[in-house]
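The following note concerns the structure shown below.

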Amino acid sequence: MMEVRTHDILIVGAGLAGMRAAVAAAPGLDVAIVSKVHPLRSHSVAAQGGINAAISPKDSWEAHAFDTAKGSGYLGDQDAIEVMCQEGPADILELERLGAIFSRNEQGEIAQRPFGGAGYPRTCYAADRTGHALLHAMYEQLLKKGVFVYEEWYVLSLIVEDRICKGVIAMDVLRGELHAIEAKTVIFATGGYGRVYSSSTNAVINTGDGMSMAYRAGVPLMDMEFVQFHPTTLRETGILITEGARGEGGYLLNTLGDRFMSRYDPQKMELATRDFISRCEQQEIEEGRGVNGCVLLDLRHLGKKKIMERLPQIRQLAISFVGVDPIESPIPVRPGAHYSMGGIRTNAWCETELAGFYAAGECACVSVHGANRLGGNSLLETIVFGRRAGIRASEYVRTVKSVTLSSAPLQAERKKVERLLKHKNGERIGPLREELGAAMTDHLGIFRKRERMEQALRRIRDLRQRYENVYLEDRGKIFNTELTNALELGSLIDLAETIVIGAIAREESRGSHFRTEFPNRNDAGWLKHTLAYCTESGPRLEYAPVTITRFPPAG
Ligand SMILES: Cc1cc2nc3c(=O)[nH]c(=O)nc-3n(C[C@H](O)[C@H](O)[C@H](O)COP(=O)(O)OP(=O)(O)OC[C@H]3O[C@@H](n4cnc5c(N)ncnc54)[C@H](O)[C@@H]3O)c2cc1C
């Protein structure tokens with residue numbers, strides 16, 4: 001007998017997108033959420049700087065949409081961008097009603113700060129702990145709604161039969177047992193894959209499992225070559241120093257004490273887009289004007305009061321991790337891997353090519369960020385599209401009578417786990433993961449070149465083979481994190497391959513993807529999305545048109 005759990009809507013991921021989807025699901029439906037960590041440990045909790053929306057009468061959603069389309073290198077789908085920017089303001093007010101405490105301005109309204117690439121200061125924030133404030137408010141709602149949580153359950157695969165998604169196979173990490181969880185619809189809100197790089201701002205759990213599972217189930221991943229490098233991260237740890245620090249007026253200096261952005265973009269200075277500032281910093285460092293592989297972020301002129309009020313967390317991070325108090329000294333920072341623009345291809349209602357399967361948040365590519373995401377737009381994406389996924393899945397559920405499952409998917413995953421556990425000796429997971437991170441950091445960074453990317457691809461394919469024979473020392477059932485780490489490494493290898501293959505093929509520079517041999521954007525040849533499909537011999541690429549509604553591509 002197969003033990004089966006059943007739900008109407010099963011959401012994988014308890015970050016902002018997943019919880020927002022659960023809260024939006026129609027009353028009366030049986031909704032459950034699965035997370036490999038406690039919901040409040042999802043990476044959303046670490047978001048610092050804020051969430052964009054045109055809530056001021058002096059601003060407009062059209063202006064927000066224009067900034068987003070332009071910032072995306074015109075690769076964002078403008079139908080989805082319009083939805084996000086138009087629906088965003090109401091979602092912010094709803095968040096406030098749900099209990100999120102935003103910082104206020106002197107008039108007592110929700111305060112907004114300027115962020116890069118934005119024509120208006122439209123980033124709402126809760127000091128520099130915005131994700132923390134939002135995730136806790138959303139968790140309260142989750143509890144209030146009585147949504148069932150599979151806490152510390154690790155999802156291994158989607159169950160797909162007759163081209164319909166019917167649930168997932170998941171492991172109860174505490175007990176080490178695998179189960180089929182049956183569902184009329186599945187929503188993935190599994191977050192990003194920042195940990196494919198050796199140094200990243202992302203939590204260690206950000207291994208892109210959901211993207212890899214969707215890919216293996218035949219759903220295409222879109223625009224995977226676009227990986228955002230954030231301009232201000234700490235050197236050793238990769239910890240993020242929010243863009244809000246520059247939004248509040250922080251300067252970037254080189255070793256000569258120059259505000260070097262005045263040479264690259266005298267108008268926007270430190271508030272140019274992230275892709276551009278990261279390249280400028282890298283150039284300063286490579287041309288010998290850096291400080292120990294970093295540039296300096298100077299906040300001293302903001303004064304103690306403002307730093308303590310608006311940026312208390314990053315002050316603490318700088319003190320704890322580099323021994324620098326930004327009230328007194330500039331913080332050494334450098335560009336670091338931060339965000340995955342690409343992901344599971346969806347339309348603006350979060351539907352995928354697979355019936356009954358939806359995706360929202362960082363794991364999805366809807367695509368509002370195109371080739372480069374504007375700071376503050378990702379939190380907004382999780383809220384707007386999380387809500388829409390919950391609504392659309394609720395509608396779909398009513399069309400599904402019942403789901404019947406065979407025992408084959410569960411048996412297949414049990415075999416996979418047994419295979420991972422069977423070797424008596426061999427290579428360990430840790431070094432393989434380090435090698436993968438190093439290959440990506442060395443060859444798929446800010447400046448990309450064909451030979452170096454091909455080198456990375458060879459290393460990744462070699463790692464894939466060696467992964468087949470890894471040796472796990474822990475064979476226990478209870479909380480076997482070596483096993484979950486091994487599964488995560490499998491996801492990372494899949495994704496690394498799609499990133500590299502997409503990047504080698506794209507012979508132009510756009511947003512975060514900068515090819516030294518092809519330094520210009522080429523709309524005639526490359527104004528198109530990359531789709532990666534999983535095959536036995538690696539990713540097969542196809543291309544799809546970009547939706548342009550009101551903003552024709554310009555300079
Ligand atoms: C340090 C940092 C600061 C940021 N600051 C900002 C900011 O100020 N503004 C902004 O707009 N954006 C910011 N971002 C980006 C933004 O925070 C994220 O893109 C967003 O929070 C992602 O939310 P999510 O709900 O899609 O996924 P996450 O919050 O990452 O949640 C993913 C969920 O999926 C679950 N999961 C994953 N794999 C599995 C599996 N195999 N089985 C079961 N569960 C699984 C996890 O347990 C988790 O619950 C920041 C990102 C970082 C890293």
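This is a predicted model: local features need pLDDT of at least 70, side-chain atom pairs count only at pLDDT 80 or more; totals for chains, interfaces and linings use all residues.

1. Which polar side-chain atom lies 2.7 Å from an oxygen atom of the ligand? It belongs to Ser-378. A backbone N or O atom of Leu-379 is likewise placed 2.7 Å from an oxygen atom of the ligand. For Gln-48, a backbone N or O atom lies 3.2 Å from a nitrogen atom of the ligand. On its own the ligand has 1,000 Å² of accessible area, and the protein covers 98% of this.

2. Nine aromatic pairs are found in a search of the whole structure. One of these is the edge-to-face pair of Tyr-197 and Phe-229, with 5.4 Å from centre to centre and 85° between the planes. Tyr-197 is in the loop between strand 9 (177-188) and helix 5, whereas Phe-229 is in strand 11 (residues 227-233), so the pair ties together parts that are 32 residues apart in sequence. Both Tyr-197 and Phe-229 are buried.

3. Tyr-358 and Tyr-396 also form an edge-to-face pair, at 6.2 Å centre to centre and with 70° between the planes. Because Tyr-358 belongs to strand 16 (residues 357-359) and Tyr-396 to helix 11, this pair ties together parts that are 38 residues apart in sequence. Tyr-358 counts as buried at 2% relative accessibility, while Tyr-396 is partly exposed, its relative accessible area being 21%. Elsewhere, ring pairs join Phe-148, Tyr-150 and Trp-153 into a cluster.

4. Helix 15 (residues 481-505) consists of 25 residues, and its first and last C-alpha atoms are 36 Å apart, close to the 36 Å expected at 1.5 Å a residue. Is this helix mostly covered or mostly uncovered? Helix 15 is mostly covered, with 22 of its 25 residues buried. At its start, a side-chain oxygen of Asn-480 comes to within 3.2 Å of the backbone nitrogen of Glu-482.

How values were computed:
Residues are numbered from 1 along each chain as its sequence is written. Side-chain values use heavy atoms; hydrogens and water are left out. Helices (H or I, at least four residues) and strands (E, at least two) are DSSP runs, numbered from the N terminus. The expected span of a helix is 1.5 Å times one less than its number of residues. Buried means under 20% relative accessible area, exposed over 50%, partly exposed in between (1.4 Å probe, protein chains only). A polar contact is a pair of N or O atoms within 3.5 Å; within protein, one must be able to donate a hydrogen and the other to accept it, and residues adjacent in sequence count only if both atoms are side-chain atoms. Accessible areas come from the Shrake-Rupley method with a 1.4 Å probe; for residues, only the protein chains shown count as cover. Rings of Phe, Tyr and Trp (its six-membered ring) pair if their centres lie within 6.5 Å; planes under 30 degrees apart count as stacked, over 60 as edge-to-face and the rest as tilted.
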